[in-house]
Structure formats: structure tokens, C-alpha cells
Amino acid sequence: MTTTYRHSAAFNDLATLLTGQLFLPQDADYEQVRQLFNGRVKTQPAAIARCLTVQDVIHTIRWTRSHNLPLSVRGAGHEIFGRSLIENGVVIDLSQMRAVTVDPDTRTAQIQAGATASDLIEAAQQYGLATATGTISSVGMTGLTLGGGYGPLNGAYGLAADNLLSAQVVTADGQLITANAEENADLLWGLRGGGGNFGVVVSLEFRLHPLTTVLSGLLLYPLEQARTVLHRFNEFIATAPDELTIRSGFLQIPDGQTVLFLSPTYCGSLEMGEQAIAPLRTFGTVLVDQMQSVSYHELIHSNDAFTPKGRHGYLQTQSLDGFQTETIEALIEQGLPLPSPFSAINIHHFHGAASRVGVSETAFALRQDHLMVELIAAWEPQDDEQRYIQWAQNLSQALAPYAFKGGYINLLDEQEQERVRLAFGSNYERLLDLKQKYDPDDVFRSTIGHLAPHSLTQ
């Protein structure tokens with residue numbers, strides 16, 4: 001598409017079709033609407049269609065295809081690599097479609113595609129219910145689920161994708177279809193961790209679980225004890241109960257000190273939780289102990305202050321079969337000191353219910369116990385980004401010889417296409433067939449196979 005087309009009156013035709021609003025580069029609010037969670041992303045779409053209804057989505061797909069323009073889809077906008085925006089193309093923006101409806105009798109929740117973890121949990125907690133989410137309140141449930149969905153309840157309830165019961169999807173030809181166990185079951189399989197490669201997901205239905213409060217918080221240990229603590233931690237998680245999922249890693253506290261952290265979440269009784277986490281306090285000298293009983297809603301808001309919208313960021317991921325001496329040394333010797341006060345090493349604990357799902361039951365294929373390591377580089381806009389990016393890439397390369405060959409598709413950049421294929425493993429060919437069935441023209445630029453790496457990431 002030429003630059004002149006970006007200012008063409010042709011977009012007026014699309015604008016008149018929408019209940020929502022169409023934003024063009026010359027509009028005063030365009031930059032604010034364009035902005036993703038990661039301020040580093042500067043992609044300039046030709047138009048952003050902020051949809052309010054499913055019909056808006058249908059109109060935008062049909063209009064965009066009739067004009068042979070590239071298309072991308074944005075959900076809540078909490079995204080690191082900018083794949084939900086497309087240069088000189090049209091963005092279907094679902095961020096205002098955030099309604100949540102909870103049925104306490106069936107313990108299910110129906111959400112629109114722009115709903116965040118906070119939207120869902122706030123509604124569900126009114127009935128004493130919750131489901132598996134990520135660790136940050138502003139993360140969109142759609143994008144999280146389409147890629148899998150690590151979080152503090154994985155041990156007890158599986159991934160976010162494992163709790164997806166059905167979805168409504170607008171296909172590349174503008175048709176609204178349902179994917180559930182009875183209808184288009186193959187598509188539901190693909191949506192459970194296979195990426196948003198097949199259409200625009202406009203609503204999802206999740207299984208909910210009885211849960212109001214959890215035992216959670218931070219345990220901080222001095223850096224010089226990190227090797228000992230991590231070795232003992234590695235032995236501990238081999239027999240951790242399903243109810244206990246523990247993030248770990250390194251962060252910088254306000255006084256400038258870098259510390260090792262363990263962040264347990266226990267989702268059973270408080271008494272059993274205290275017993276379960278007690279051994280963690282013996283692994284080393286606990287500098288800070290913030291463990292307490294909190295509502296699940298409070299828990300997913302507890303990290304918000306560390307992740308403000310607009311800060312620049314980059315990350316790499318590797319998935320490890322537990323901690324070995326070599327990986328502990330790489331994390332400490334190559335990862336520290338952290339490149340900025342905002343940077344961190346964040347390690348997700350995958351076990352329990354998430355590990356008992358068969359490899360072929362969902363598109364998400366890495367179903368054995370593991371640790372998913374996020375190497376998070378973050379900096380202020382005026383800083384030189386190269387040294388932060390280099391830090392994450394160097395540490396990722398140091399861990400790679402000890403890691404699984406695939407990756408977590410929600411957190412892979414456009415240079416890591418081969419890792420996408422490896423992540424799906426034996427499910428890869430089935431996903432290609434699904435892509436061919438539901439989007440043969442590659443309207444939704446896929447992470448799969450030889451297709452364009454700037455995928456649909458809601």
C-alpha cells in the first residue's frame with residue numbers, strides 16, 4: 001500500500017460502517033489509540049478500527065479484504081513485540097469490547113475479546129469464583145489464552161487455554177462461527193494455545209473454579225545465597241502440591257540491591273498453605289517475608305506498579321527442565337547485574353494440572369514440568385536500547401544449550417520463527433492443516449510455518 005492511500009477518502013466508507021470509531025494518522029487521538037503497553041513499538045497502521053460490536057469486526061474484515069490491505073488484530077494491547085499492529089495496514093481494535101458475564105450455576109464466564117484478567121476476575125470474584133490468568137491485571141485474556149497462558153494457578157487449574165470451553169470467531173470471509181466441543185471442535189483445539197492464526201476471536205467462554213483468597217506474596221533472599229536457594233528450590237518443586245505454584249527470579253529492590261525472589265501462590269486452605277510454604281523459609285536468610293492471605297483480585301493487581309504502560313521493553317524466553325548448576329551459573333554470572341532497575345528475570349513454574357494434559361489434547365505442546373524463564377529488559381524512552389536488548393539476547397543464548405528447543409509463542413519475536421515450529425512439536429502439522437482450512441489466504445498473518453511472522457496476537 002502506498003503512503004498516499006493512508007490519507008485516502010476511501011477510509012470514509014469504512015468509517016460509516018462502524019458503530020465504533022475509525023482512527024487515521026492525521027487524527028488528534030491517533031497516537032494515543034495506537035500506543036501499546038510497550039512504548040518501544042512505533043508501528044504506524046494506516047487505520048485503527050476501534051470496534052464495539054461483532055458486526056464492526058465483520059465490516060472491517062470485509063472492507064479491508066476488498067481493498068487488498070494487510071490486517072492485524074489487537075485485543076487489550078498488553079503486548080511486547082507489536083504484532084497486533086501492522087505497518088500501513090488496518091488494525092481491528094477490540095480493546096473496548098470488555099463485557100464479562102458470569103453464570104455461577106454452571107461456573108462459567110463469557111467474555112468479550114478485549115477483556116483483561118482484571119475484568120474477568122473482578123466479575124467472577126463476586127460469586128467466589130476465579131480461573132487461570134496471567135500475573136498482571138492488564139493482560140488481555142484472549143491473547144493470553146491463544147498462546148497458552150502461564151500464571152499463578154497453573155498447578156491447580158492448568159493453563160488459561162485449558163480452561164477455554166468455547167469461542168466465537170469471525171473468519172477471513174466475515175462469517176461468525178462457534179468453536180466448542182460439538183461444533184468446529186478442531187478450531188477449539190487450535191485456539192487452546194495455537195495462536196490467533198485462524199480468525200478474529202470476538203468472545204470466549206471459560207471454566208471457573210471456587211476460589212476467593214490465596215496465600216501469596218514475596219520471599220526475598222540475598223544474592224550471595226542464590227545458588228544454594230535455587231538448588232534447594234529445584235528439589236522442592238519436584239514434589240510440590242498442585243495448589244502451590246511458585247514464581248522465582250531476580251529483581252532490584254528500591255535501595256538498589258539485586259535480590260533473589262520466590263513468589264509462592266497457594267490456592268487451598270490457609271493452614272495447608274502455611275505448611276506447604278514453610279520449607280521455603282529455610283532455604284536461606286529471608287530478607288523480606290510478605291506472605292499473606294489476599295483475594296485473587298488483589299494478587300493479580302500486585303505487580304501493576306512494576307509494569308506501567310509506555311515504558312520501553314524487550315524480552316527473551318527459554319524453558320528449562322528445572323535448574324541445573326549450569327543454568328544457575330548462567331543466570332547469575334551472565335544475567336547479573338540487571339541492566340536497569342526496571343529489568344528482571346522472572347521464572348514461571350509449570351507443573352501439576354498443566355502437566356497432566358496430553359500433548360495432543362491442545363495445541364500447546366510442552367506438557368512436562370518445566371520452568372519458563374522470562375528475561376525482561378526495560379528502560380526509559382531516552383535510554384540507548386541496544387545494551388538492554390543485547391543483555392536479554394546474550395543471557396538467552398547462554399541458557400539455550402540447556403533449554404527445550406521450542407519457545408512460548410506469546411513471547412517470541414519475529415526473528416525466532418524456527419522456535420515457533422519447534423514449540424508446537426508433533427502438533428505443528430495439524431495446526432498447518434487447521435490454518436489451511438480456516439484461513440487459506442493467510443489474512444491473519446500467522447506464526448505458523450513459512451507464513452509471515454508478525455502474527456495475529458490479541
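A: Begin with pairing: two strands pair if DSSP finds at least two bridges between them. The model shown here is predicted. In it, 4 bridges join strand E2 (residues 47-50) to strand E4 (residues 90-93), and the two run parallel. One of these positions is Ile-48, whose bridge partner in E4 is Val-91.

Q: Which helix packs on the sheet that holds E2, E3 and E4?

A: Helix H3 (residues 54-66) does, touching E2, E3 and E4. The direction of H3 makes about 170° with that of E4.

Q: In what order do the 4 strands of that open sheet lie, and what is the pairing?

A: The order is E1-E2-E4-E3, and the pairing is mixed. At the edges are strand E1 (21-23) and strand E3 (71-74), each pairing on one side only. On average, neighbouring strands in this sheet are turned by 20° against each other, direction ignored.

Q: What holds the strands of a sheet together in general?

A: Strands pair through backbone hydrogen bonds, either parallel or antiparallel. An antiparallel case is the open sheet of 5 strands in the order E5-E6-E10-E8-E9. Strand E5 (100-103) and strand E9 (176-179) stand at its edges with a single partner strand each, so one side of each has no neighbour in the sheet.

Q: Over how many bridges do strand E6 and strand E10 pair?

A: Strand E6 (residues 108-112) and strand E10 (residues 200-207) pair over 5 bridges, in the antiparallel sense. Across this pair, Gln-110 stands opposite Glu-205 of E10.

Q: Where is Thr-116 placed, and why is Thr-116 classed as buried or exposed?

A: Thr-116 sits in the loop between E6 and helix H4 (117-125). Buried means under 20% relative accessible area. Thr-116 has 8%, and therefore counts as buried. Leaving out residues up to four places away in sequence, Thr-116 touches Ala-76, Arg-98, Ser-137, Ser-138, Val-139, Gly-140 and Met-141.

Q: How is a whole strand judged in this way, for instance strand E15?

A: Count its buried residues. In strand E15 (residues 258-266), 9 of the 9 residues are buried, so the strand is largely enclosed by the rest of the structure. Both faces are covered: one side has Thr-258, Leu-260, Leu-262, Pro-264 and Tyr-266, and the other has Val-259, Phe-261, Ser-263 and Thr-265.

Q: Which strands pair with E15?

A: Strand E14 (residues 244-252) runs antiparallel to E15 and is joined to it by 9 bridges. Thr-245 stands opposite Thr-265 of E15. Strand E13 (residues 219-222) pairs with E15 in the antiparallel sense over 4 bridges, and Leu-220 stands opposite Phe-261 there. Strand E12 (residues 213-216) also pairs with E15 in the antiparallel sense, over 2 bridges; the bridge partner of Ser-216 is Thr-265.

Q: Which residue takes a positive phi in the hairpin of E14 and E15?

A: Gly-256 does, with phi near 90°; the hairpin has 5 residues between the strands.

Q: Which residues touch the most other members of the largest nonpolar core?

A: They are Leu-191, Phe-250, Leu-262, Leu-280, Tyr-296 and Ile-345, in a core of 106 residues. Helix H12 (residues 386-399) gives the largest share of this core, 7 residues. A second, separate core has 28 residues, among them Cys-51, Ile-61, Ala-172 and Val-202.

Q: What covers the buried residues of helix H11?

A: The buried residues of H11 (residues 325-335) are Thr-327, Ile-328, Ala-330, Leu-331, Ile-332 and Gly-335. Their cover includes helix H8 (226-237), E14, strand E18 (312-320), strand E19 (344-350), strand E20 (370-379) and H12.

Q: Is Asp-439 buried or exposed, and what does Asp-439 touch?

A: Asp-439, in the segment after helix H14 (428-438), has 1% relative accessibility and therefore counts as buried. Its side chain makes a polar contact of 2.6 Å with that of Lys-435. Beyond residues up to four places away in sequence, Asp-439 touches Ala-172, Asn-197, Phe-198 and Phe-444.

Q: How many disulfides does the structure hold?

A: A disulfide is a covalent bond between the sulfur atoms of two cysteines. The structure holds 0 disulfides. Cys-51 is buried at 0% relative accessibility, and Cys-267 is buried at 10%.

Methods:
Residues are numbered from 1 along each chain as its sequence is written. This is a predicted model: local features need pLDDT of at least 70, side-chain atom pairs count only at pLDDT 80 or more; totals for chains, interfaces and linings use all residues. Side-chain values use heavy atoms; hydrogens and water are left out. A disulfide is a pair of cysteine sulfur atoms within 2.5 Å. Buried means under 20% relative accessible area, exposed over 50%, partly exposed in between (1.4 Å probe, protein chains only). Contact means heavy atoms within 4.5 Å. A nonpolar core is a set of buried Ala, Val, Leu, Ile, Met, Phe, Trp, Tyr and Cys residues joined through side-chain atoms within 4.5 Å. A polar contact is a pair of N or O atoms within 3.5 Å; within protein, one must be able to donate a hydrogen and the other to accept it, and residues adjacent in sequence count only if both atoms are side-chain atoms. Axes are lines fitted to C-alpha atoms, for helices over the stretch in contact, and angles run from 0 to 180 degrees between N-to-C directions.
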